[in-house]
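Please examine the sequence and the structure shown below before reading on. The paragraphs that follow lead through selected parts in turn.

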Amino acid sequence: MSALANHAFAKMNGIGNEIVVVDLRDSQGQGRAHVSPEEARAVASPAGAPYDQLMVLQPPRLDGTEAYITIYNNDGSEAGACGNGMRCVVRRIFEKTGQTTATFQTRAGLLNCWQGPAPDLYTVDMGAPKFGWQDIPLAEEFRDTRYIELQVGPIDNPVLHSPSVVSMGNPHAVFWVDDVNAYDLERFGPLLENHPIFPERANITLAHIVDRDHITIRTWERGAGLTRACGSAACATAVAAARLKRANRVVEITLPGGKLGIEWRERDDHVLMTGTADFEYEGRFDPALFASVA
């Protein structure tokens, strides 16, 4: 039987990024705590709890951590990082335990989290960005990833071109534009996400620099599609803009779902993301969801 059958979940959102949180840390003695891609897709179905990302808390693998978190996109693929989802997890943990700090392990590494500057704000240390072409990863070498040769449209008049690329635990390509709403991201997003230059696919972001302290973005999220918010994309954009000397290391990022505060900390190059996490409802998964899952 699926580890998720009859199991409780929380439906939440991080500034519009739809998140489902499932705590399987007590499942070790009751059977497997693993969730398959097929189960993750079943949860995302209309009969389940549709989401952008599913955050599955599993028993900790390292001392000093609260949990190992596996992150799924709604197509069943795994994500290395999800900043908005982490804030939702943090809120659940803090409200249940009274903690104000916690450390979690993900595929992208250890993430330290703490209560933000206000009771409804949570900060996630997303770690240090990676810029090497093989670390993002890209399919071919680019010595300078502040811009790479990639475009959409005619060579002499491209619609989009020369994105900055960076890894925030997952691959990101950031296209600099004058108006993030002037492009059909639902059309271009899937093409760019699956472009051969990105062997692990990529998150595709349109970014407009309002001023040195403020950037507006829209994102096509790898494995999830057009989203109202992507925390790691906000981090990637802030870092990419600072690398280009077009923005400061502390900026406000405006997304369709709301705003995030991003700091690319100078002393250790870690990226700190601060924002809200909203609770929507609790429920239990109907076992019938997983009847056809082996």
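**A guided reading of the model**

Isoleucine 253 touches Ile215, Ile217, Ala234, Ala238, Gly258, Lys259, Leu260 and Ile262, when residues up to four places away in sequence are not counted; contact here means heavy atoms within 4.5 Å. This is a predicted model, in which local features need pLDDT of at least 70, side-chain atom pairs count only at pLDDT 80 or more, and totals for chains, interfaces and linings use all residues. Residues are numbered from 1 along each chain as its sequence is written, and side-chain values use heavy atoms, with hydrogens and water left out.

Isoleucine 253 also belongs to the largest nonpolar core, which has 56 residues; Met55, Ile69, Phe104, Ile253 and Ile262 touch the most other members. Helix H4 (residues 231-243) gives the most to this core, namely nine residues. Apart from it lies another core, of 22 residues, among them Ala42, Ala44, Tyr51 and Val293. A nonpolar core is a set of buried Ala, Val, Leu, Ile, Met, Phe, Trp, Tyr and Cys residues joined through side-chain atoms within 4.5 Å. Buried means under 20% relative accessible area, exposed means over 50%, and partly exposed lies in between (1.4 Å probe, protein chains only). Helices (H or I, at least four residues) and strands (E, at least two) are DSSP runs, numbered from the N terminus. In soluble globular proteins, nonpolar side chains tend to be buried together.

Helix H2 (residues 83-97) has 15 residues and reaches 21 Å from its first C-alpha to its last, close to the 21 Å expected at 1.5 Å a residue; the expected span is 1.5 Å times one less than the number of residues. Is H2 mostly covered or mostly uncovered? H2 is mostly covered, with twelve of its 15 residues buried. Among these is Arg92, whose relative accessible area is 14%. The side chain of arginine 92 makes a polar contact with the side chain of glutamate 282 at 2.7 Å. A polar contact is a pair of N or O atoms within 3.5 Å; within protein, one must be able to donate a hydrogen and the other to accept it, and residues adjacent in sequence count only if both atoms are side-chain atoms. Leaving aside neighbours within four places in sequence, arginine 92 is in contact with Ala10, Met12, Phe279 and Glu282.

An α-helix has 3.6 residues a turn, so residues three or four places apart point the same way. After H2 comes glycine 98, whose phi is positive, near 85°.

Strand S8 has neighbours in two other strands. Strand S7 (residues 109-115) pairs with S8 in the antiparallel sense over four bridges, and a hairpin of six residues joins S7 to S8. S8 also pairs with strand S18 (residues 271-275), again antiparallel and over four bridges. Two strands pair if DSSP finds at least two bridges between them. Glutamine 115 stands opposite tyrosine 122 in S8, while threonine 123 has threonine 274 in S18 as its bridge partner. Both faces of S8 are covered: Tyr122 and Val124 on one side, and Thr123 and Asp125 on the other, are all buried. In a regular strand the side chains alternate between the two faces of the sheet.

Asp125 also takes part in a network of salt bridges that links it with Arg265, Arg267 and Asp268. A salt bridge is a side-chain nitrogen of Lys or Arg within 4 Å of a carboxyl oxygen of Asp or Glu, and the structure holds 16 of them. The side chains of aspartate 268 and arginine 265 meet at 2.7 Å, N to O. Arginine 265 is buried, at 15% relative accessible area, whereas aspartate 268 is partly exposed, at 27%.

Some details of the backbone remain. Most residues other than glycine have a negative phi, and most peptide bonds are trans. Asparagine 6, however, has a positive phi near 65°, and arginine 201 has one of about 60°. A cis peptide bond, with omega about -10°, joins isoleucine 136 and proline 137. Proline 137 lies in the loop between strand S8 (122-125) and strand S9 (151-152).
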